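Let us go through the interfaces of this model by question and answer. Please have the sequence and structure open.

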Number of protein chains: 2
Amino acid sequence: MKLYEQYAAEITALISNGQLRPGERLPSVREARARRGISASTIFQAYQRLEREGLIHTRPQSGFYVCAARSALGDELAVTAPRAEANEVEVSELVFEVLRAARSSGIAPLGSAFPGPDLFPLPQLARAAATGLRRLAPNSIVENISPGNPRLRDQIATRYRLDGVRLQTDEIVIGNGALEGLNAALQAVTQPGDTVAIESPTFYAALQAIERLKLKALEIRTDAETGIDIQALGEALSRQRIAACWLMPTFQNPLGSLMPEARKRELVQLLRQHEVPLIEDDVYAELYFGSQRPRPAKAFDEAGLVLHCSSFSKCLAPGYRVGWIAAGRYAQRIQRLTLMTTMAASVPAQVAVLHYLEEGGYDRHLRRLRAALMARMSAAIQAIESAFPAGTRLSRPRGGYFVWVALPPGLDAMRLHQAALQAGIGIAPGHIFSPDHRFADCIRINCGHPAADVLPALQQLGALVHALLRTPA
Amino acid sequence: MKLYEQYAAEITALISNGQLRPGERLPSVREARARRGISASTIFQAYQRLEREGLIHTRPQSGFYVCAARSALGDELAVTAPRAEANEVEVSELVFEVLRAARSSGIAPLGSAFPGPDLFPLPQLARAAATGLRRLAPNSIVENISPGNPRLRDQIATRYRLDGVRLQTDEIVIGNGALEGLNAALQAVTQPGDTVAIESPTFYAALQAIERLKLKALEIRTDAETGIDIQALGEALSRQRIAACWLMPTFQNPLGSLMPEARKRELVQLLRQHEVPLIEDDVYAELYFGSQRPRPAKAFDEAGLVLHCSSFSKCLAPGYRVGWIAAGRYAQRIQRLTLMTTMAASVPAQVAVLHYLEEGGYDRHLRRLRAALMARMSAAIQAIESAFPAGTRLSRPRGGYFVWVALPPGLDAMRLHQAALQAGIGIAPGHIFSPDHRFADCIRINCGHPAADVLPALQQLGALVHALLRTPA
């Protein structure tokens, strides 16, 4: 065992036996060095390992803190075990109704799926598009057809490699946002009637895709801190045939949970034993608040069973619809599905993103974006804590821009959704995150928009919750 | 009956009884006015009607000519009646193999699906993209989500209205090329196991979509001049349940056939009697060589049963992937399918096309494009006639950029495809245009690329055909 591993194991033990408690600050690198006489880089490596494992987290300009992974809060938010049988899914209608309402102009965007558009380098992208299109040789248009622009695929692969994730450029297929890749992945690995394991709660687009492809959903208990319950998944895999898992191990939508790296590894190993493909939705991974990008499950994929999907939509270029899938052994099938249905991601969008990346500055933009989102989430959480009644519980994600809020007993989220819309506020009621509308007392709040939009809306929403609790339906 | 209708009926009778023969020149408007003493505008209206009916065609700077609709050539090219049973489709593998080969660089693009990229106003589009993106308010990104940019939908609807086709802006959904709309349409109106009526031969993407959605294909005899055999279709509709028709009434791919307007009307009425939706692929309609855009079947759709798909990919902006579907009563379903799978066409592409259209100049570009394609097709037909052996028959489309060539007996098109690839020439063998590879003696030639690429390749291809006929496989 290396020295940093020894030190990490020591801290892990202190956390496990309760001597270091959730929220407690760890010694700074300098303090630890002075106390223990080991090098700063060893301590830093140990802290990075612990962060990847989900045991500690960083607060910039402040230090390292023990995570609240198993705090009372986490337990309170944990959901009751979903039913053991797979369900047919009929959620689309409700999802569309809710999304349409939230999209109307003049509605405060707490129900939106995207962060504030003010956070993105749109003028730089516009210039990159102009440059890219001006330089585009007419004959090269064909190069952008699926699997996509070769230089852009290289850029994407290189970014993974720099983060310690070995991806093959060959397995990357560029498509129209992550959503196209996710849908193609699901179609590539299932037949109508098959069962797909999902998190509970889950991203509604997974439910829509399952419904559209006439599949069944099996919900697996998912913790608001550490993600899907691997033991419960393992039991389900032993009990019945599962054609695929569709999961979001990093900053899950809507919970914000982050599977520690060790659990991601365990997940990949478990699925490999059962030869079950994992569709990994990783679109929020770049929006971490800690010191390092959490590595995806794909990092541990030796069998080519992980279909890893991501995009630039949430972190660089909303609306450009440039996403990708690293599809392992399914890459050719995915490329063909894309060729048959949309043929390619749009050339102007591909060349704009490519030239933006090649000119540099993406990492600088990402640092600013993360800092802004962390500040916005922190302010939103404070606003919820002050404006919502006692008995409200909420997640505290370490990345992304969603907070999952469990309302006090007695208030149905659809009722709140209707009342909020009347008051000009969009929210995402918990109903749309489960095939059987199990999360009727929860809402997802998007806190990635400017404080001037979000904070007054949260104040008003809190007042609405108070009022609705006083007047039963 | 109005005067122009009387005059048109007179000419129709002359054509029917053989007094005006295929290829014969009609009196010019001036001549007819002098002879008959009726106004130039009446004669012009009559000629337009006859052209829409597919009886005559215009050659710019030359005059009006009787079509070869029922000439020996047309009969020779007519296919044997397809089997009466619907088939499961397994064509994708071969299509991908053929397309991959044709896409390789350095291969003469006679097998390509797109016209030469030199024909498109790419610099103007790049400027329009830059302007559009510069003016884009960050908050307006959401406006481009499916059903798409409202101003672009208006522009599209207006163009139809100017051509005498009443489309509702509300029924238009913008997507990633026509292909996404076509695929969404097929999914919206079928269930796995259903039967879809198609032309024979048909566009391979229809076969791929049918295969992907686990449907069956019923091929209907299709004439190289006048399109699908409506009587055969009517008999099939009476005999069995057909869930949908997927057709290309205007400049069909691969035949180039153009259904006369009266037959389009008849088609829509027939399908309405049976309450069967028509998926109309209209992507080549703007590439007419006559004086007017042939109106689509959608023009006669009073029941909202026509799902009309088109795009800018073949006539303005290849690679931008901006298409649309006017989906009648299925518009909401299509919008939702798009939202679930790709969410939107890319914003840079939508705003580029929008600003290009708003700035004007599209019609001027189209006139130049049509003239160029007509010249290229004419030169290619001459080259085929001179280079290919006797017994070769070919279509003479009045729009688009494909020529369908039936090889002399004894030569299999896959064999020619392999030999041509060795010689650096891509072609599309007839096999990929039918579920049972019925067109084994035909090839589709793309003549929309520059003459310097196309003509030498055709010479070489003709020599190969001669050689292969001398050396049986």
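**Domains and chains in contact**

In chain A, the centres of domain 1 and domain 3, taken over C-alpha atoms, are separated by 31 Å. Bounds come from an automatic or database domain assignment: domain 1 is 3-67 and domain 3 is 120-362. This is a predicted model: local features need pLDDT of at least 70, side-chain atom pairs count only at pLDDT 80 or more, and totals for chains, interfaces and linings use all residues. Residues are numbered from 1 along each chain as its sequence is written, chains are lettered from A in the order in which they are written, and side-chain values use heavy atoms, without hydrogens and water.

Student: How many salt bridges are counted between domain 1 and domain 3 of chain A?

Tutor: The rule asks for a side-chain nitrogen of Lys or Arg within 4 Å of a carboxyl oxygen of Asp or Glu. Between these domains of chain A, the count is zero.

Student: How many residues of chain B are in contact with chain A?

Tutor: Contact means heavy atoms within 4.5 Å. The two chains bury about 4200 Å² between them, 65% of it on carbon and sulfur atoms. Chain A brings 46 residues to the contact, and chain B brings 47.

Definitions and conventions. Buried area = accessible area lost by both parts, 1.4 Å probe.
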